[in-house]
Amino acid sequence: MSSILFIALPLLFGFATPILSKFGKNGVAYTSMIMQLFLLALAVSLLTTTSSYVEIISIAPPLGISFVLNSASLFFVLLFTLLMTLFSLYYLIHRKTDAYKDETKFFILLNMLLAAAIGLVLSSDIFNIYVFFEIAGISAYILSAYKKTSSALEAGLKYLLTGAVASVFLVFAIALIYINIGSLNLAVIAHSFEALPYNIKLLISILLLIGFGFKVEIFPLNFWVTDVYQGSSSLVNALFSGIVVKAYLFVFFHILYLFLPNGDFTVFLVYLGAISMLVAEIVGLRQTNLKRLFAYSSLGQVALIFTAFAMQNKDAIQAALFIVFSHSVAKFIIFLVLSAIEKEHKSIHIDTLKALNSSFLRAIMLIAMLSLLGIPLFAGFIGKFLALKSFAVEGLFVVLAIIIIGSLIEAVYYFKLAGFMFAKGEKREPLKIALAQKTLFGLLAFSLILIGIAPITISGFLLDASSVMLDGKSYVSMLVGG
Amino acid sequence: MSVKKISLKRELPTTTLSGFALSGLLVLTILNILLQNMPSKIQTAGDALLKLNATEGVANAVTTVVVFFRGFDTLGEIAVLFIASLGIGLMLHSNSKCNIKAESNFMLQTASKLLFPIILLFGTYVMIYGHLSPGGGFQGGVIIASGVLLLLISHKAFEVPHSVIVALETFAGVSYVLIGLIGLLVLDVFLGNFLPHDISQMGLLLSGGIIPLVYIIVGIKVGSEMSMIVQNLIQRDHDV
Amino acid sequence: MFEFFNQPEVIKTIVTLGSMLLFFVGLFGLLTRKHIIKIFISIAIMETSIFLLFIGLTFKTDFIAPILDKIHLDVSTMNDPIPHAMILTAIVIGMAVLALGVSFAIEYFKLTGKTDIDEMSEMRH
């Protein structure tokens with residue numbers, strides 16, 4: 001079973017949708033669900049392959065494009081297929097009362113987003129990565145503006161503008177790379193990148209940093225994120241913070257570890273990440289719109305993941321992967337619950353939390369928020385603890401202090417939220433959540449608690465993934481030597 | 001009734017000046033670095049691909065690179081165009097019949113009726129001969145779409161039928177991915193060249209295996225999607 | 001005098017200067033203009049300048065186009081085909097994204113009548 005199917009099947013589904021929609025009103029929805037379940041099964045079955053292997057497309061690397069499947073990319077592929085399958089399951093029930101009009105287009109966009117995110121993680125050719133960036137980006141812009149209200153269109157416009165500017169800088173960097181090195185394969189570029197003259201190396205690195213920086217949401221290039229999250233619907237926000245930004249983070253650091261294995265920019269990037277987290281948490285303190293508040297929290301957590309990845313050592317990367325898992329699952333829960341609230345009450349002010357009248361949902365939200373904070377017994381604790389430990393081991397106490405202050409500020413507004421949730425205010429009627437959706441939330445929350453109590457289940461896998469990510473030499477020899 | 005004071009001194013346009021200074025500074029530093037690093041003759045991947053081109057038996061090396069050696073990028077680009085056309089249709093599609101277009105010139109109406117078949121023929125020629133001379137699917141598709149644009153602006157009642165476009169798009173997209181999957185089955189390589197591509201056939205219309213086939217599919221897709229985009233952008237249900 | 005301009009270094013310098021001038025124009029428009037369509041046009045100008053730079057710097061003036069036929073069979077004097085393929089893809093992608101952006105702007109204008117990017121504040125900060 002080849003890993004190309006992760007890309008080819010969603011593309012085939014997308015192109016064949018007019019045929020599938022002939023199978024009745026629900027034809028597209030159910031076939032999409034079945035295809036995503038098949039991809040999830042394929043990803044789980046690939047867990048048994050022990051070593052990394054290279055999948056050739058058209059001709060062999062380094063002249064052609066190829067996919068590299070190692071434990072790091074497999075972790076992300078598993079995460080994305082799992083989250084997308086659960087999202088489709090949630091949406092299949094959500095649409096019974098509140099379907100999007102022109103729904104076949106919605107499913108096409110979801111599947112294209114999944115294909116592009118997986119392609120970003122697997123690909124080993126820099127121009128192919130750019131093409132997948134554009135596919136993911138354009139699906140995200142349309143998903144953001146799907147409802148066609150004025151705030152949704154404004155969110156879509158801002159997202160598109162920043163994405164287009166980022167693409168210009170990326171193309172500039174790729175053009176300079178090809179002019180000076182002569183190849184588009186990541187392994188060949190990594191091999192020859194050190195030997196370039198200093199100023200052109202600096203120019204390419206800065207252009208790549210600006211181009212990726214818009215997408216990876218670091219300060220000061222993250223001014224667009226909160227407006228986009230506020231204007232889009234919460235369902236789509238779950239996808240953005242759970243799948244899209246994680247794929248972008250992986251690509252950025254994969255390329256960084258290959259091109260600059262000696263850590264030339266480490267200190268700069270670590271401080272940049274820490275400052276981003278602090279700024280995001282401080283501004284998030286006085287928000288009253290729930291979607292905007294969780295967008296700032298998302299910015300802070302993504303900055304923490306960025307800082308941990310930027311440390312460029314094995315333990316810090318393992319910590320970053322733990323936080324990737326716990327943040328994706330927790331934000332998924334939060335934004336899906338927010339979408340249920342939005343469907344009923346049509347407003348996302350912080351007072352609406354008083355309307356969460358079902359104690360099951362309150363418990364689920366509490367678990368997700370506690371996990372994001374890093375309270376022990378939840379999955380977020382392991383990641384944050386390992387990250388802080390690696391900062392302390394390296395002697396970066398200023399960064400440690402900044403991250404702890406940021407986390408304390410985050411704790412302040414989460415406890416404010418919890419106060420609203422458990423407040424004894426006026427009782428509105430409880431939200432109608434289907435049993436299947438409750439099972440879904442329960443499953444996700446249970447996984448957070450499970451990983452929190454027994455992180456040993458995935459810590460070996462994540463340690464292996466982090467050492468594979470750092471091992472640029474074997475990556476290069478796999479593609480160029482073999 | 002108070003008299004509003006109008007300042008006679010012209011204000012300094014701060015945003016324009018600071019934008020000018022910032023972008024000028026940026027561009028000058030980039031220019032400086034680029035001028036110091038003029039590219040010398042290095043062995044690029046393209047030279048190696050040119051040597052490999054002979055094994056595919058196609059005369060136009062750029063076509064081989066676009067369709068075969070980098071065929072996955074072309075598939076991704078087709079996906080981007082497909083999603084963009086989907087999004088524009090989602091945003092601008094109107095079901096109402098009334099569309100406001102000014103009545104066009106008599107010369108334009110007659111000339112477009114004469115020119116459209118020639119443009120269509122030329123676009124098809126560029127598409128089909130893409131592997132033998134400069135041209136190809138993208139170029140041919142855009143030429144066909146420009147012919148459709150000519151008809152759209154010259155005839156008020158002309159409308160490209162939606163179902164035909166959707167059928168063409170679906171057929172082209174599905175067959176491109178299916179060709180890739182057949183390559184996976186037959187040759188164990190996605191988008192492998194599984195039809196005969198002997199070098200002795202170079203220069204003939206039927207050469208290069210799947211390459212002319214894929215480029216014609218790309219041309220059909222690009223032509224139909226660009227026509228749809230152009231039609232969505234022109235037709236309006238009320239004056240904007 | 002024309003022999004001076006035919007040298008590859010001089011041609012590459014002229015191409016670099018020209019495309020950076022275009023990039024400057026596009027960047028200036030992006031940073032200072034407020035109307036959304038002007039911002040889209042500036043992004044298009046920036047993209048075009050990058051394509052010009054790329055093609056100009058990878059083009060060897062004394063080599064021929066990479067098309068084989070009965071008399072041109074020697075590949076060692078042919079130009080590089082990869083930049084052509086990359087630019088084709090990049091042009092189509094750039095055009096698709098900008099067309100989508102224009103359609104968003106049209107719909108937004110239909111709903112609210114605003115085109116100034118400073119006035120787009122549906123969401124209070």
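The legends below describe close-up views of a predicted model. Residues are numbered from 1 along each chain as its sequence is written, and chains are lettered from A and ligands numbered from 1 in the order in which they are written. In this predicted model, local features need pLDDT of at least 70 and side-chain atom pairs count only at pLDDT 80 or more, while totals for chains, interfaces and linings use all residues.

**View 1. The contact between chain A and chain C.** Here 26 residues of chain A are in contact with 28 residues of chain C; contact requires C-beta atoms, placed from the backbone, to lie within 7 Å. On the chain A side, two or more residues each come from helix 6 (126-144), helix 7 (150-181) and helix 10 (225-231). Helices (H or I, at least four residues) and strands (E, at least two) are DSSP runs, numbered from the N terminus. Helix 7 of chain A provides the largest share of this side, 16 residues. By class, the side has 17 nonpolar, 5 polar and 4 charged residues; Ala, Val, Leu, Ile, Met, Phe, Trp, Tyr, Cys and Pro count as nonpolar, Asp, Glu, Lys and Arg as charged, and the others, Gly among them, as polar.

**View 2. The contact between chain C and chain B.** In this view 37 residues of chain C are in contact with 46 residues of chain B. Helix 2 (8-32) and helix 4 (82-112) of chain C each give two or more residues to the chain C side. The largest share, 17 residues, belongs to helix 4 of chain C. The chain C side divides into 25 nonpolar, 6 polar and 6 charged residues.

**View 3. Helix 1 of chain A against helix 7 of chain B.** The axes of helix 1 (residues 5-15) of chain A and helix 7 (residues 162-187) of chain B come within 8 Å and cross at roughly 160°. Axes are lines fitted to C-alpha atoms, for helices over the stretch in contact, with angles from 0 to 180 degrees between N-to-C directions. The two helices are therefore roughly antiparallel, a term for angles over 145 degrees. Residues A:Ala8, A:Leu11, A:Leu12 and A:Phe15 meet residues of helix 7 of chain B, including B:Gly173, B:Val177 and B:Leu181.

**View 4. A:Leu336 and its surroundings.** A:Leu336 lies in helix 14 (residues 314-345) of chain A. With 25 C-beta neighbours inside 10 Å, A:Leu336 counts as buried, the cut-off being 20 or more other C-beta atoms, placed from the backbone, within 10 Å of a residue's own. Leaving aside neighbours within four places in sequence, A:Leu336 is in contact with A:Tyr90 and A:Ala238.

**View 5. Backbone features in three loops.** Most residues other than glycine have a negative phi, and most peptide bonds are trans. The peptide bond from A:Phe219 to A:Pro220 is cis, with omega near 0°, and A:Pro220 lies in the loop between helix 9 (198-216) and helix 10 of chain A. A:Ser58, not a glycine, has a positive phi of about 70°. The loop between strand 1 (53-57) and strand 2 (65-69) of chain A holds A:Ser58, which is buried, with 22 other C-beta atoms within 10 Å. B:Leu191 has a positive phi of about 60° and is found in the loop between helix 7 and helix 8 (211-234) of chain B. B:Leu191 is also buried, with 32 other C-beta atoms within 10 Å.

Terms used:
Two residues are in contact if their C-beta atoms, placed from the backbone, lie within 7 Å. A residue is buried if 20 or more other C-beta atoms lie within 10 Å of its own, exposed if 12 or fewer, and partly exposed in between; C-beta atoms are placed from the backbone. Angles under 35 degrees count as roughly parallel, over 145 as roughly antiparallel, 65 to 115 as roughly perpendicular and the rest as oblique.
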